[in-house]
Amino acid sequence: MSMLQRIFPKDFLFGAATSAHQVEGNNTQSDWWEWEQSPRRQEQLKRLGKDPRDFFSGRACDHYNRFHEDFDIAEKLNHNAHRFSIEWARIEPEEGRWDMSAVAHYGDALSALRERAITPIVTLHHFTNPLWFAKRGGWEWENAPARFARYCEFVYTRLGEWTPWWITINEPTVFANKSYFEGKWPPQKKNIVALHRVLLNLIDGHRQAFRLLHTIAQNEKRELRVGIAHQYHAWLPYSKLPWDIATAAILRYLTWHYVPQRLKNECDYIGINYYSGRRVGIRLKGFVEKSCENEETSDLKWEIYPQGLRAVLRAMWNAYRKPLLITENGIADATDAKRARFIAEHLAVLYDALREGIDIRGYLYWSLLDNFEWAHGFSPRFGLVEIDYRTLERKIRPSAYAYAEICKTRIPP
Ligand code: BGC
């Protein structure tokens, strides 16, 4: 990197991310699809006074059929990278039955990105599971890691030549916590033993996939980088009291390090998903938390806290010395009033980290499109591109153009 001229490196990846279930539409063979329509979920939504239609992924952005149009937008916005996920439930809709038309579809998507000079970054698991897998016990099932690795091997054998960048699992800690501890996502369990078992199986699934993919890459003489996309929240102590300092340190250990530490020999890079931060501590009444600086928040009330990204990057680099890739960073901002500044402030932090000598390969904004925000339904608007869910019309937001300018000039904000 040039020290004289303030500019991001020539091969720095700039782009945006999506995930299959959130944008594609009609993911009918998945556990989420079934859960969204289940009587249990309908009851819960009714009790909360919500309209169940806003919480059913349905046709989402119809990205499965409109990916050409969406990649045209990414190209127009000067993105040179794009992260998306392949849906396991489409590739293997029944145990051991592979759907070659789904493989061909993702091959078309990869080729469409390459035609536009956009480097694909492919996620193999982004929260959803095939329904058959969920019925077998999901990630609690003893064969889960092997079944997952078999699917990864199947996909990589057929599509691996398109890109060196692969992510096995998106946010293992978030997936395990929401689905097996907080009970907010399918299968809605609240069981700490299950949480731990699932986390270990996810780690094992990654390890097995990592090895299989590298064996194929070696035989085929392909360049390959396999990582996970891990979730980082900036945890600061509530006050200077020792137990508050300890609470923040414990959360940092559990959510930042527990997984990467176990994968340090099976990770070519670490994907960083960063959104926000919290101050945390302990009082007689129990766990307490507040914002880091009482500053602005997103529509989801997540504090905008770019400084937290600096701490995350330093901690990961110092602990593991692996290349880092920002696999997600974004804001729910329906009026687009804060998004451009949000991106600029995070990119400024990132650039400083690069100058410090931290090896960062790219930045992927979450998300290219407004999409189905899991248990929050369709109301949060994370997209650089606004979606009218009635007409499915795409409208590029002003902040997308501001980011496009940085992608083009590579001049840090
Ligand atoms: C997930 C995305 C999600 C985003 C915003 C991340 O935790 O990987 O799927 O949409 O955060 O909540």
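**Close-up views of a predicted model**

**View 1. The largest nonpolar core.** The largest nonpolar core holds 121 residues, and those with the most contacts inside it are Trp-139 and Ile-272. A nonpolar core is a set of buried Ala, Val, Leu, Ile, Met, Phe, Trp, Tyr and Cys residues joined through side-chain atoms within 4.5 Å. Buried means under 20% relative accessible area, exposed means over 50%, and partly exposed lies in between (1.4 Å probe, protein chains only). Helix H10 (residues 192-220) gives the most to this core, with 11 residues. Helices (H or I, at least four residues) and strands (E, at least two) are DSSP runs, numbered from the N terminus. Another core, of nine residues, lies apart from the largest one; Ile-121, Trp-165, Tyr-269 and Leu-325 are among them.

This is a predicted model: local features need pLDDT of at least 70, side-chain atom pairs count only at pLDDT 80 or more, and totals for chains, interfaces and linings use all residues. Residues are numbered from 1 along each chain as its sequence is written, and side-chain values use heavy atoms, with hydrogens and water left out.

**View 2. The second largest pocket.** About 290 Å³ of space lies in this pocket. Its lining has 15 residues, and the closest to its centre are Asp-31, Glu-34, Ala-134, Pro-186 and Pro-187. A pocket is found on a 1 Å grid over the protein atoms alone: it is an open set of points where a 1.4 Å probe fits, with protein on both sides within 12 Å along at least five of seven lines, and lining residues have an atom within 4 Å of a point. Grid points are joined across faces, edges and corners, and the volume is the space filled by probe spheres set on the points. Helix H2 (31-37) and helix H7 (131-135) each supply at least two residues of the lining. By class, the lining has six nonpolar, four polar and five charged residues. Ala, Val, Leu, Ile, Met, Phe, Trp, Tyr, Cys and Pro count as nonpolar, Asp, Glu, Lys and Arg as charged, and the others, Gly among them, as polar.

**View 3. The loop between H9 and H10.** Pro-187 sits in the loop between helix H9 (172-180) and H10. A cis peptide bond joins Pro-186 and Pro-187, with omega about 5°. Gln-188 is found in this loop too. Its phi is near 55°, a positive value in a residue other than glycine. At 11% relative accessibility, Gln-188 counts as buried.

View 4. Helix H14 (residues 398-409) has 12 residues, which should span 16 Å at 1.5 Å a residue; its end C-alpha atoms are 17 Å apart, which agrees. The expected span is 1.5 Å times one less than the number of residues. Ser-399, Ala-400, Tyr-403, Ala-404, Ile-406 and Cys-407 are buried in H14. These residues cover an arc of only 160° around the axis, so they lie on the same side of H14. The arc is that of the directions from the helix axis to the C-beta atoms. The face turned away from the buried side carries the exposed residues Pro-398 and Lys-408.

**View 5. Asp-62 in its loop.** Asp-62 lies between helix H3 (39-47) and helix H4 (63-76). Its phi is near 55°, a positive value in a residue other than glycine. Asp-62 is buried, with a relative accessible area of 12%.
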